Amino acid sequence: MRGDTDPAGVAHDTPARTRRIERVRFELRRREVRVERVQRLSPGFIGVTFADESLHDFTSLSFDDHVKFMFQDARGEWVRRDYTPLRHDAVRGELTIEFALHAQGPASDWARQAAVGQTAAIGGPRGSMSVPADYDWHLLAGDASALPAIERRLAELASGARAIVLVEVADAADCRHLGTAADAQVQWVHGREHWLRALHDLRLPAGEGFAWCAGEARTMREARELLTGHHGQPRERLKVAAYWKQGAADFHERLED
Ligand SMILES: Cc1cc2nc3c(=O)[nH]c(=O)nc-3n(C[C@H](O)[C@H](O)[C@H](O)COP(=O)(O)OP(=O)(O)OC[C@H]3O[C@@H](n4cnc5c(N)ncnc54)[C@H](O)[C@@H]3O)c2cc1C
């Protein structure tokens, strides 16, 4: 049901529109790409734009998609990590990924040294989960690893959409303007405990909203509990994903229950 408010400020339930999460599978493709541009965005982020003829027909339908970013390490072994396809330019055959830098990890270290002309490979996306854009509100919350997906979603949302955004970054200099036509309320916090407290304290609007969260595994477990328990968010309008796990390499998990 959808909650509306009358002129006296009293909430009423009105029938919900039919909204469906759509899942699409794609044939898995590997594309050999070269680094076209490197952008040092802020202390914690590097944007890398890859180019190749094969990227003209690259398809990514949802902000929640991921590709396998693959590169060779110093021993010539292939390393594979999941990243959000942030921006795709079909005409130029370009794809941009934003790397959140952290203390140590092959992909983060690769981004630090990325230079024009280097080669890498992109696999996928294997599929997409499309979340309708016409929910009454959208919660987009996560840490630095989720910021590219959040940024992409905000860029896609149209005027009239309502977004509540909560992002945790390490450094105040990593807070940035997030372009969107939507009515977005953006909150930046530093530290996992502050992020969880801010998530707890959010006043989610009335109506039918979709909550999307991604970040570190343990934090995301707590986030899911807060959303389903404290906020009463229904499971069918919730996606919480662990994009990485403290102490583990190459970790990805969708948190269901
Ligand atoms: C669907 C999906 C989409 C993603 N999109 C993006 C994206 O667009 N941009 C992005 O930056 N990341 C994104 N990530 C997260 C990224 O895949 C992981 O952070 C990945 O583990 C980084 O690889 P690495 O080789 O640098 O470190 P790993 O070898 O995987 O890990 C090495 C060590 O670093 C720690 N670590 C890993 N990631 C982080 C982190 N983000 N912060 C702090 N410590 C970390 C690990 O706990 C481990 O101890 C995404 C993950 C998923 C599952």
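Trainee: How far apart do the C-alpha centres of domain 1 and domain 2 lie?

Mentor: Domain bounds come from an automatic or database domain assignment. Here that assignment gives domain 1 (25–127) and domain 2 (131–255), and their C-alpha centres lie 22 Å apart. This is a predicted model: local features need pLDDT of at least 70, side-chain atom pairs count only at pLDDT 80 or more, and totals for chains, interfaces and linings use all residues. Residues are numbered from 1 along each chain as its sequence is written.

Trainee: How many residues of domain 1 are in contact with domain 2?

Mentor: Two residues are in contact if their C-beta atoms, placed from the backbone, lie within 7 Å. By that test, 13 residues of domain 1 are in contact with 20 residues of domain 2. On the domain 1 side, β7 (78–83) and β9 (94–100) each supply at least two residues; strands are DSSP runs (E, at least two residues), and helices likewise (H or I, at least four), numbered from the N terminus.

Trainee: Which residues touch the most other members of the largest nonpolar core?

Mentor: A nonpolar core is a set of buried Ala, Val, Leu, Ile, Met, Phe, Trp, Tyr and Cys residues joined through C-beta atoms within 7 Å; buried means 20 or more other C-beta atoms within 10 Å of a residue's own, placed from the backbone. Of the 57 residues in the largest one, Phe-99, Ile-150, Ala-163 and Cys-213 touch the most other members. Strand β16 (residues 238–244) gives the most to this core, six residues.

Conventions. A residue is buried if 20 or more other C-beta atoms lie within 10 Å of its own, exposed if 12 or fewer, and partly exposed in between; C-beta atoms are placed from the backbone.
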